[in-house]
Amino acid sequence: MTSAAEQRAPAGEPAAGTGQPASVVNGARRAVPPAPAVWPGAPTPLGARFRVGPDGVAGTNFALWAAGAEAVRVCLFDDRGRETQIPLTELTHEIWHGFVPGVMPGQRYGYRVDGRWDPWTGARWNPAKLLLDPYARAVDGAEGNDYGRLPPEVYGHVRDWPEQHVADTVRDDRDSAPYVPKGVVVHDDDDWSDDRRPKTPWADSVLYELHVRGFTKLHPDIPEELRGTYAGLAHPAAIEHLVRLGVTAVELLPVHQFAHEDHLLRRGLRNYWGYNSIGYFAPHAAYAASGTTGQQVGEFKRMVRALHAAGIEVVLDVVYNHTAEAGELGPTLSLKGIDNRGYYWLQDDARRYADYTGCGNTLHVVQPQVLRLITDSLRYWVTEMGVDGFRFDLAAALARSMHDVDMLSPFLAVIAQDPVLRRVKLIAEPWDIGSGGYQVGAFPPLWTEWNDRYRNAVRDFWRHALPDVREMGYRLSGSSDLYAWGGRRPYASVNFVTAHDGFTLRDLVSYQTKHNEANGEGNRDGTNDNRSWNCGVEGETDDERVRALRRRQLRNLLTTLLLSTGVPMLVAGDELGRTQRGNNNAYCQDDETSWLDWSLLREPGWRALYELTSRLIALRHRHPVLRRRAFFSGRAHSADGLRDLAWFTARGAEMTEGDWYAPAATLGMYLSGRDIPGRDERGAPVVDDSFLAVLHAGETPTGFVLPGPPWAERYEVVVDTSREEQAEAPGTVHPAGAQITVPARAVLLLRVV
């Protein structure tokens with residue numbers, strides 16, 4: 001009697017005398033073509049690298065780290081899908097390698113890796129499964145797209161085994177090659193000599209989170225064949241919007257090659273966001289207009305060049321914490337079949353995966369070769385693809401050492417000393433779902449962080465749900481309670497009110513609860529902690545009073561964000577009033593739910609919101625007092641007692657300790673342009689205008705007494721969010737000491753004159 005681990009599926013039995021499966025295409029077995037000559041080659045660099053040797057022979061060097069494997073074959077595929085298998089017999093430091101003459105750019109390939117099948121100890125080698133090269137620079141083909149599900153052949157185990165509790169231990173010997181993506185040999189000697197990186201300082205940055213496909217899919221001024229692609233984002237019409245808005249960097253949702261989950265395909269859906277990576281060197285092929293056999297690499301580079309030429313940096317949202325292979329019941333696409341125990345955190349029961357991500361697996365970043373994979377990928381995207389920085393999804397999972405989050409972890413230590421990576425923008429999503437995973441404020445210098453405490457405070461203030469204003473004071477002024485340590489600066493805080501996950505800004509003021517029914521999960525997915533206020537009516541309405549109030553709330557939220565100290569991040573479309581109809585988890589909505597509706601610009605109310613957003617960003621760029629490089633001290637720096645930061649009540653008096661603990665709907669923040677630390681590029685002191693920002697979340701107007709000397713003699717209104725249209729000319733001037741009326745639910749920004 002055999003054990004479950006020794007059992008095999010009846011289909012796809014090994015070809016006689018070869019120890020490897022016969023190739024199967026559309027159910028028909030066929031002989032494997034004879035292998036061409038293979039030379040020893042070199043163990044570095046990893047991946048498939050085309051080169052011409054000194055003897056003039058052109059070919060490709062293949063190198064794959066697969067510790068514990070017993071044999072490795074590189075498999076070449078022609079245009080008809082016919083496979084040629086080539087054994088790699090050279091083994092150096094656990095790297096299997098060989099040089100194959102005549103293999104040219106555009107060649108599609110994969111690997112088959114032999115070894116023990118013993119899931120009980122974490123060993124899941126299965127030579128019947130074609131595996132994607134982790135270092136593939138381009139990927140052709142996407143698994144499962146035409147089948148309405150992931151085909152059973154892509155699983156290393158027998159998915160439909162009768163005894164489901166041990167199904168993952170029964171090896172499936174059916175050939176997966178017809179159903180899985182292949183790597184593509186790419187050769188590109190671009191040296192970027194004609195590119196000029198913007199190198200925008202952190203303090204001057206305004207981030208704009210966007211989806212490559214969704215941003216241009218409905219853009220009327222972009223040719224239809226380019227919409228939803230890298231070329232579409234590089235189109236002048238797309239770049240014009242970014243430039244007019246004034247953002248300095250686009251933060252692209254994942255563009256690494258990713259896969260679609262089986263449960264989505266079965267519901268007729270797709271992974272839209274892309275947080276399901278399978279190829280860390282390859283730009284996602286579906287976003288290419290020019291082709292998928294290497295052309296996507298050049299198209300991505302042209303996009304980066306076009307954005308750089310417009311002064312816009314490119315930051316990638318990267319997912320190195322987990323892969324698309326999920327847990328023990330997930331597919332075998334790449335790492336799981338190359339060296340499962342080496343690439344993934346496993347539990348003490350090695351059949352199971354340690355899951356700090358909620359996605360079934362977690363990359364074992366402490367393992368040197370996994371750390372090498374990640375850092376090689378990062379350096380590649382900087383040096384050869386031209387990007388300017390990274391936002392790390394669930395970054396706390398990458399900082400784990402022996403399961404605990406450790407700010408001295410190998411990953412963070414390697415980044416800190418790397419001469420390439422320490423110079424680019426590094427943004428942490430500073431949490432994961434594991435124990436001790438919430439790490440806001442804990443990442444070391446060089447890193448900035450998504451500050452969800454900023455998000456929560458601003459949302460709560462404008463729905464009048466804060467018990468007092470202490471939290472709001474910290475968040476408006478750079479979150480010194482979180483980041484004023486270890487030489488960190490205010491720009492360590494990436495301030496945001498919305499992000500890709502959660503409500504859009506318009507939905508935040510239109511829906512009290514989520515409406516995710518279209519995701520097919522019974523509205524169970526997505527957070528219930530929305531901190532939203534629907535202004536009295538759930539969802540869309542024809543009531544113009546409610547609609548006007550919602551637009552005012554949007555103006556309040558955007559104005560607060562862009563006047564706060566730190567790095568503001570906008571989500572594409574929030575400046576246009578984009579809605580997802582209450583879906584706060586649109587990760588699988590690759591349709592009009594998620595795509596930007598550019599027709600909103602033709603509606604006066606939403607056009608006015610866009611113009612206000614652009615004006616606020618321009619104001620921020622003009623005034624260094626709004627983008628400080630050092631934390632406020634709150635102390636007087638001159639004999640007249642003027643301080644760099646002061647807080648006022650509606651009475652015009654400086655706030656006392658007791659005022660911070662009292663319920664309040666109104667807060668005044670004074671920013672002195674006379675006391676900005678640091679110097680400009682020529683060593684001169686930085687001097688700017690001074691401003692008073694008055695935030696009032698109350699439902700009725702309130703009086704506010706303007707502080708007198710030494711703070712100011714007169715004040716000029718610069719922004720008034722109670723007004724739909726903002727005048728470009730100088731506004732009303734008020735004398736210091738006067739009591740002005742602050743409209744209900746409004747921000748007033750006044751400049752000292």
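Helix α14 (residues 544–563) lies across β24 (493–495) and β25 (567–571). Its direction makes about 145° with that of β25. Axes are lines fitted to C-alpha atoms, for helices over the stretch in contact, and angles run from 0 to 180 degrees between N-to-C directions. Contact means heavy atoms within 4.5 Å. Helices (H or I, at least four residues) and strands (E, at least two) are DSSP runs, numbered from the N terminus.

The model is predicted: local features need pLDDT of at least 70, side-chain atom pairs count only at pLDDT 80 or more, and totals for chains, interfaces and linings use all residues. Residues are numbered from 1 along each chain as its sequence is written, and side-chain values use heavy atoms, without hydrogens and water.

Eight strands form a closed barrel. Their order is β14-β15-β18-β19-β22-β23-β24-β25, with parallel pairing. Strands pair if DSSP finds at least two bridges between them. On average, neighbouring strands of this sheet are turned by 30° against each other, direction ignored. Strands β14 (residues 207–210) and β15 (residues 249–252) are joined by four bridges. L207 has A249 of β15 as its bridge partner. Helix α5 (residues 295–309) packs on the sheet and touches β15 and β18 (313–318). The direction of α5 makes about 135° with that of β18.

Helix α7 (residues 368–383) has 16 residues and should span 22 Å at 1.5 Å a residue. This expected span is 1.5 Å times one less than the number of residues. The end C-alpha atoms are 22 Å apart, which agrees.
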